Amino acid sequence: MVNNNLASGHLHQKEVNQLVRAISAMGLLPIMLVVLIAALSIFEPRFLGIFNILNVLRETSFLAILAAGQMLVLIVGGFDLSVGAVVALSSTVTATVMANLLGIMPDDVGLVIFAGVAAGIGCGVAVGLVNGLCVAFLRVSPFMVTLGTLSITAGIALLLTNGIPVYGMPKVFVKSFGRALWLGLPTTVYVALALVIMVWVIQRYTVLGRYIYAIGGNLQASLVSGVSTKTYLVMAYTMCGALAAITGVLLTARVGSGQATLGGNIVMLQSIAAAVIAGVSLRGGIGRVELVTLGALFLSIVTNGMNLVRIDSKIQTIVLGIIVIIAVALEEYGNRRKIRE
Amino acid sequence: MNSDSDQVQDTVISSPENTGEEIASSCILEMRGISKQFPGVLALDNVDFDLRRGEVHILFGENGAGKSTLINVIAGTFSPDKGTVRYDGRDLSHLTPHRARVMGISPVFQEFSLIPNLTVEENLFLGREISRAGYLRKGVMSARAAEVIEMLGFDLDPKKRVSSLSRAHQQMVEIAKALLADVRLLILDEPTASLTENETYKLFELIGRLKANGVGIIYVSHRMREIKEIGDRITVLRDGRKIETCNAADVGENELVELMTGRKIDVLFPKIDHKPTRKLLEINNLTLANHVVDDVSIYARAGEITGIAGLVGCGKSELVRAVYGLETIEEGEIVIKGERILHPRPDISLKKGACYFPSDRVAEGLALERPIRENASMAALDLADFSWMRILKKLNERKLIQGIVDRLKLRPPNIERPVGNLSGGNRQKVMLARGLTRETDVFLFDEPTVGIDVGAKVEVYELMKELVGKGAAIILVSSELPEVLHLSNRLYVMHRSKLVAELTGDEINEQAVLSCFFQDDEAKSNAGE
């Protein structure tokens, strides 16, 4: 029915429209990714070096975990500005708890590591919980809530450490986990893979996942359909906080010390960018973790490529900002041209 | 369990009827003295309502009469401020949407409770998914969804996303959703507003089956034919009060309209003398980028009201919105007073003398926190009367706006009150005032009387009459058939994005318009075979 008057004039305009629709249906991301990898492989020989590839995979893993959490919050129609600060807090808390406990019980390394990791993730859960409760029950806009918790969380991280890196974590944690390779791949890759698969299962096969989509798609309709919207809003923010905290723990193990400067606002922007590039809608209701992982890979390769050709880090933040805006603009453009049957 | 009707029967058989209250048990729902106050309006004022098992009880009234508030109270969306609700012999209080559904109250609202990005079957089960330990049992749900759709006889693909469906199909999903669970009380809020005759027929068949199974049905509709065909009793509401409950067989059409409006029908719609002259607006072969309007050509002449009728979601509103540049155009041309507008924008259209009055006055029309004066002059600040070198002439503004507001009989005539404090009718007058601040001779009205009371309605009609008399061209887009039928000199009918008819003179009647939807349906199914 739609193609009825294809034959009549303005063919050019029609073709352009069809192309736009085809692309917006499939997503630009896979194409851009292939082009980017091909271009870097041809023009920058160091890109395919084994050391560089491992580096890209590691960066992708950190970002993928963070972006998966951010995606969950975006799907319920909110967003989380505090993820970068949560990374910093979980890093400093993990390191501080480990360093102090190691002094008390130097023989129970396993317990020390467990306590440190639990404390770090606990911080993320706590911040996520506060975010979620404020959004769901106080009905404060997600922007203001998470901007507030960003400030609070970052402040606590700095206060705990006075801005000085915290050393003294068990060596095993750093050497055999944070910086180790298992079967030739960085350990973080496995952790990220496990978490991404977990989120994928939640999205596809569980009631929780279904409700997260439903709430973002139409909050009022979900409520009227008997979904306990507040509970699931809180859960989405809490999972986001937890995933951000896990990223913080992994970064800490990699760096070898707890630092309040890990994470930060660039990381927060990257997590939103990775999600938006992957087609997660800022209006809520749309987003798939497998694509977000590709988005994280894309951004990591862009950053890596810019590093390889020695582009100033200040310019890199400008590029990141431009990518985010273009991605959002494309989403809007596609939305306006969607055809109903 | 094989089909939904079996399930319904089970429910009815198992329902407790041994309470001893013989008289009460013939009614599934009894409401006494229900009142509900919203900021600025008393939406329900001491309303009594009851529903028997196995009857279709029509709720009849104008927009804003309190029908939707009443059904929302029954569905648990709002709790009443005063009054008692007895359902199935038990007193109900603290009803939530979820509890209402569990107890067998299934509402089908006009604003759909559907999630656009989920599929049809995912939407059907929303809020009551079949799951094991938190994991969805998709296979079981698919099978059940297919069963229900089959039973209803709707042409729906359960795997399609709701966002890709037309409004009519979304309506079917909404109905299927309501009938998925055990239903004892079904609420249908203008379910046929976007359905074709064929689909409507299927729905009525279904209503018949549900009635036979003892389900009580509350049915909101404006269409006389439907009310006659399926209604058992009718309750008329006006301005939040119950006017009367009567047997459907005992009242005539005119009597009902009089009960609804409180006026005689010939007083409601003024006699308009159309004297069409030259074409002021032409839309030629217009297709929108989202194909909600597909290859439509219409024109509007000075001195007449050109009506556009159609089911909800047929694209009639988008058609006039495109003139104002509010929709993305794929192809086609828009000509205002002989001049082709290549890229329509609201400011260009305004300068050419065309003004659009949106149906959703809150979302698209008014800045609620700002005073009447600023809202009324918003579209005219570039004129010399209102500013000089971008500096506002406030004194002049006050004088001009006060004049227009007096002419429109806005009460109270204090132009410094925030628009948010006004009633629906007065808000519409502020919108109209905006059109009158400029030299406007093409008026594009999109559902101009939605949500306003009868008095204001008559004044809006009178204003239209006055404008046409002065040689303006008016396009009237409306889903209320009586309105376009009585006011239009020429009436276009749109259906599923296409223009299907242009009626003039005696051809303009309800039968002719409704049959346009039907013909198209037949033609399509013939073409499909």
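This is a predicted model: local features need pLDDT of at least 70, side-chain atom pairs count only at pLDDT 80 or more; totals for chains, interfaces and linings use all residues.
Residues are numbered from 1 along each chain as its sequence is written, and chains are lettered from A and ligands numbered from 1 in the order in which they are written.

Helices (H or I, at least four residues) and strands (E, at least two) are DSSP runs, numbered from the N terminus. H16(B) comprises 14 residues, 394-407, and should span 20 Å at 1.5 Å a residue, in agreement with the 20 Å between its end C-alpha atoms; the expected span is 1.5 Å times one less than the number of residues. B:Glu397, B:Leu400, B:Ile401, B:Ile404 and B:Val405 are buried in this helix. Viewed down the helix axis, the buried residues lie within an arc of 135° and so line one face of H16(B), the arc being that of the directions from the axis to the C-beta atoms. B:Leu395, B:Lys399, B:Gly403 and B:Asp406, on the other side of H16(B), are exposed. A residue is buried if 20 or more other C-beta atoms lie within 10 Å of its own, exposed if 12 or fewer, and partly exposed in between, with C-beta atoms placed from the backbone.

S18(B) runs parallel to strand S21 (residues 442-446) of chain B and is joined to S21(B) by four bridges; pairing requires at least two DSSP bridges between the strands. B:Phe357 has B:Phe445 of S21(B) as its bridge partner.

Between chains, 31 residues of chain B are in contact (C-beta atoms, placed from the backbone, within 7 Å) with 29 residues of chain A. Helix H4 (97-102), strand S8 (135-136) and strand S16 (329-336) of chain B each give two or more residues to the side that touches chain A. H4(B) gives the most, with three residues.

By an automatic or database assignment, chain B is divided into domain 1 (4-17 + 27-262), domain 2 (268-353 + 440-528) and domain 3 (365-437). The centres of domains 1 and 2 of chain B, taken over C-alpha atoms, are 31 Å apart.

Technical notes. Two residues are in contact if their C-beta atoms, placed from the backbone, lie within 7 Å.
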